[in-house]
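I opened this entry to keep a record of what I looked up, strand pairing to begin with, then the domains and the symmetry.

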Protein chains: 2
Amino acid sequence: MPRTSIATVCLSGTLEDRLEAAAAAGFDAVEIFENDLLASAESPERIRARVADLGLAIDLYQPFRDAEGAPPARFEAVRRRMLAKLDLMGRLGADTVLICSSVAPDAIADDDLAASQLRALADLAAERGMRIAYEALAWGRHVSTWQHSWEIVRRADHPALGLCLDSFHVLSRTDDYAGIAGLPADRIFFLQLADAPRLSMDVLQWSRHHRLFPLQGGLDLVGFTRAVLAAGYTGPLSLEVFNDVFRQADPHRTAVDARRSLTALLDATAGDTVPAPELSGIAFAELGVDAQSGPQLEALLGALGFVHSGQHRSKPVQLWEQGDARILLNSGAGEAAIRAFALESADPEQSARRAEHLMARPLPRQRRRREAELTAVAAPDGTEVFFCRTEPGAEQVWLDDFLPTGEPPRPSTGITAIDHLSLAQPFDRFDEAALFYRSVLGLRDDEAGEFAAPFGLIRTLAIRNDDRRVRIALSVPVLRRGDWAPAVPHPQHLTLATNDLARTAGALAQAGIELLRIPGNYYDDLEARTELPAGLGDFVRRAGAMYDQDGHGYCLQLFTPVMGSRVFVEVVQRSGYRGYGFANEPVRMAAHRAQRLGATVSA
Amino acid sequence: MPRTSIATVCLSGTLEDRLEAAAAAGFDAVEIFENDLLASAESPERIRARVADLGLAIDLYQPFRDAEGAPPARFEAVRRRMLAKLDLMGRLGADTVLICSSVAPDAIADDDLAASQLRALADLAAERGMRIAYEALAWGRHVSTWQHSWEIVRRADHPALGLCLDSFHVLSRTDDYAGIAGLPADRIFFLQLADAPRLSMDVLQWSRHHRLFPLQGGLDLVGFTRAVLAAGYTGPLSLEVFNDVFRQADPHRTAVDARRSLTALLDATAGDTVPAPELSGIAFAELGVDAQSGPQLEALLGALGFVHSGQHRSKPVQLWEQGDARILLNSGAGEAAIRAFALESADPEQSARRAEHLMARPLPRQRRRREAELTAVAAPDGTEVFFCRTEPGAEQVWLDDFLPTGEPPRPSTGITAIDHLSLAQPFDRFDEAALFYRSVLGLRDDEAGEFAAPFGLIRTLAIRNDDRRVRIALSVPVLRRGDWAPAVPHPQHLTLATNDLARTAGALAQAGIELLRIPGNYYDDLEARTELPAGLGDFVRRAGAMYDQDGHGYCLQLFTPVMGSRVFVEVVQRSGYRGYGFANEPVRMAAHRAQRLGATVSA
């Protein structure tokens, strides 16, 4: 594993908070971002000592601005400033300083002048055994491409002057990075990595607010990193991410997310060190139930044709089964939500090793279902993720943890399996969760959406495995909610697949199960805008279902009200359809809101 | 006053919440945004009844998408959809529907086809006594300018087809709106108004997330509105603002903000109906003190040379004076912050009338300082804003409310006046507060900034009167803070002007007053990057001051620690300098944070 580093500006809190978080997450080094040093009450000597105590090093001091191309009259001030910063670096124990290309209005477009000035500064650094890494900012006044920064470094031809390559500055401007592989390795002094969503906006604002850790955005970090490593670069891989959310989130969590991104990037660049075993489905989902939601969910599952087939040997956990759909109701775990789920893995132990390789927190032994040695890790929001094999006769059969109740099988209502899980994420952890599930489970992005809920915008990302048997939809409010928007957490939900929604709906109606009431306005609009398959129009309205279509087919959806404080169940019949019903989410969310407020639907 | 209207999409909550908020804020009408109707559990008939009960009307139903330029085979579906929506409008009691220019990939670029299709749809509307307003979306597939939409309306030549003009769609693309004044008035069916900050980004994302109410952004709403009114348009002025923050904020507050923006816009367009009287300074600032902060502030003011000159006749309020600086310490009001301030107005009653004209909430009589009949209103965050005249002999002399303590005058320490107030705003109310202070007080924007505090980004906007004797700096976190960032509110502060910071600092030192400790790293950097005026370098470091410069001069600043829970005092000496020291804010905020955490500064 190459040396790993993180810029202090990626994290939140005091400089001390940031250093501790970087060390705890296992980084080898940090970049000290100048503003973070200035804001620190600690002297450079004490920061140096603290960094050493934490087992870190300071691999870069940055940024030094508006140096090259300065009019000669101003260059003396640049030189004086560099001397002061080199002294400071001596006190800090840092030996490399970043100069980013000048944005000064008075900067002169003259590569030879720039080279000679950088050479003069490199002389000052070399006298102190230090060196300068020169970087092209994407919005530099005259120097804004890696090719141009390299041309200046080449002309300066000084052993203490090299390049700093920053994935954001390169990839935000161009896909033309292949030439980096041909650079002399000893002239690349530093590598900064940041991803970002593909946004069409001013590059400076994009850079300052929306960067992400590698593999969280849309830039080609893998290709870029391969090119730099192909050049023979052996220095640190250092993260430099300016992100509004990370700036105000718990730095210990962010640092783990950051460190995971480097592991995932290196795996993607050089080949997985611990490949993700094939997943073949969702083995079970476990809902935490309380005195209110427990009976509601039992009644629902009964009406849906599930059989309460097993009772856990030692815990207050019921197993309900129908087809390949298995649901655990845990009455010893408090809040009603999706507290755990299990994935069918070709090799559960290997899945767990991969998760731990990617810094997933292993769950303590005593929290595992001991009897079957289920391997489990915690997702960023605390959801427990188990890996298991359900086939009878296999080595680890988690079903054996449950004593058979002897309840007889019941006629199917069409339910075949768990279709997908919808996991609402805490505001600060959305990008972390996406990277976690993607990398730990080896899933890919499927569909992203953004829609207006009654109390603000919601962002959604669905990810899946190759054959769509494992699907997870993540969602998060675009802004953290305040006093006006509901204080209750955004609900989680579990979607069951049916092969006959009419039959499933009939069974629910017969059992007197209340469904979420979809407003009549929805159906009027649906009929106005859609040519529904023959006979479906009446059915959809009568059944209280929702309808969506994509390029592959259509789907029918039924929803229960929210049970307890934060979980509900969806039943979906897919007829070729590959989506997640995001188009229906605004109406669905408003209907849930109305139901939770006890509002009545007018006739 | 022209008719006023607001689109339901500007507000948060259920449709019922939104309608109530619009009515309470005094709007005449609403636009029903289709998604808000679809999400409503109420039938169109009940919505119509509710709208009427609230004294509102539905002036527009919107949007109807992808109509014109449809391939003939698809146009039949468009026609069917329009019939359904016209039926719905009949049930709602709405008579105008908005068609926005098509974004459909299959749309045909043929103005005659578009005109004939719109004519056919207008026939359907006319049969029902309804009409269609056609709008060019800035990102329309073929029609994206107001000129183009007008050309199609002109060719269609149907009395039930007219234009909808939307300030965002026009101004986000062009400043060429003068021609609007020459349009026939009877062909402009509807006017939608939205402002926005000047952002360089994808126009669709800009429109969907960042619109603001008129005069809150950087578009020329005044010129645009003048052009539309000059054409003879007499229909509603309707707000259509998509904004991430408003979507999740209390709709009652947002609706008042929205309604205020229309009044301010009309005043700016047609001339102030109730002009803002000239302001000539900050008469006093009132701090709420508690058992901890009261003695701290008394000691500070004493050390600064203030005299406790008066005691309120009926309330636990002390008056402290020095030069033109007057500070009230109110120990009956709880939390230590700037709970009120008073402005010197040439005509306090007129100032109050203007505030009420702009929907400022007048403070109840019993909360006013009765004796002097001070007029006061509440700012968006609840801060009390008083208008008064301090000159002795004037009609209303608020100082008479205070009984003289007889304390003798003391030698000045240089303090001359209140320089400015820094008012931290609640997350949801920043743009509202800016418009409130700007419009109610007749102030102008002075300087905007954004900087990194230890726990996230902070946005700042300073506003002032012409001669800079009234200055207010507003600030807000860029994202609402969560669990990690400090739960304590962002502090407010009061800045006192001194004409001799060295003398002021000396007086504080002599009295043993503790100042905020600025880290040594700040001074090292200051000296590295700045040529300080002769002799100042040593002084600044020794005094624990901060230094900033702009194109006009320099300033010296001193800060106290936070007293009690959320207020501190700054002393500034300006030598030509016109700014607010924003460049020092990151270090200052970190130092306050360190002080509040009880951290010690290393030697």
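I looked up the bridge partner of B:C164 in strand β7 of chain B and found B:F190. The model is a predicted one, and I read each entry below with that in mind.

With strand β6 of chain B (residues 161–166), β7(B) pairs in the parallel sense over four bridges. With strand β8 of chain B (residues 237–239), β7(B) again pairs in the parallel sense, over three bridges; there the bridge partner of B:L193 is B:L239 in β8(B).

Next I turned to chain A and its domains. The domain assignment gives domain 1 as 4–270 and domain 2 as 279–596, and the centres of the two, taken over C-alpha atoms, are separated by 43 Å. Looking at where they meet, I noted that 18 residues of domain 1 of chain A are in contact with 17 residues of domain 2 of chain A, and that the two domains bury about 1,500 Å² between them, 53% of it on carbon and sulfur atoms. On the side of domain 1 of chain A, the residues that lose the most area to domain 2 are A:Q216, A:R253 and A:R260, together 40% of what that side buries.

Which residues does A:E432 contact, leaving aside its neighbours within four places in sequence? I found A:Q216, A:R253, A:D257, A:R260 and A:P380. A:E432 is found in helix α13 of chain A, residues 430–441, and is buried, with a relative accessible area of 3%, which falls under the 20% cut-off for that term. The C-alpha atoms of A:E432 and A:R260 are separated by 9.2 Å, although the two residues are 172 residues apart along the chain. I also noted a polar contact of 2.3 Å that joins the side chains of A:E432 and A:R429.

Last, I compared the copies. Chain A can be laid on chain B with an RMSD of 0.0 Å by a turn of 180° and a shift of 0.0 Å along the axis; the two copies are thus related as by a two-fold rotation axis. In chain A, the C-alpha nearest that axis belongs to A:M201, at 1.8 Å from it. As for the interface, 100% of the interface residues of chain A are also interface residues in chain B, so the copies meet through the same surface.

Note on methods. Residues are numbered from 1 along each chain as its sequence is written. Chains are lettered from A and ligands numbered from 1 in the order in which they are written. This is a predicted model: local features need pLDDT of at least 70, side-chain atom pairs count only at pLDDT 80 or more; totals for chains, interfaces and linings use all residues. Side-chain values use heavy atoms; hydrogens and water are left out. Copies are superposed by least squares on the C-alpha atoms of residues with pLDDT of at least 70 in both. Contact means heavy atoms within 4.5 Å. Two strands pair if DSSP finds at least two bridges between them. Helices (H or I, at least four residues) and strands (E, at least two) are DSSP runs, numbered from the N terminus. Buried means under 20% relative accessible area, exposed over 50%, partly exposed in between (1.4 Å probe, protein chains only). A polar contact is a pair of N or O atoms within 3.5 Å; within protein, one must be able to donate a hydrogen and the other to accept it, and residues adjacent in sequence count only if both atoms are side-chain atoms. Domain bounds come from an automatic or database domain assignment. Buried area is the accessible area (1.4 Å probe) that two parts lose on being put together, summed over both.
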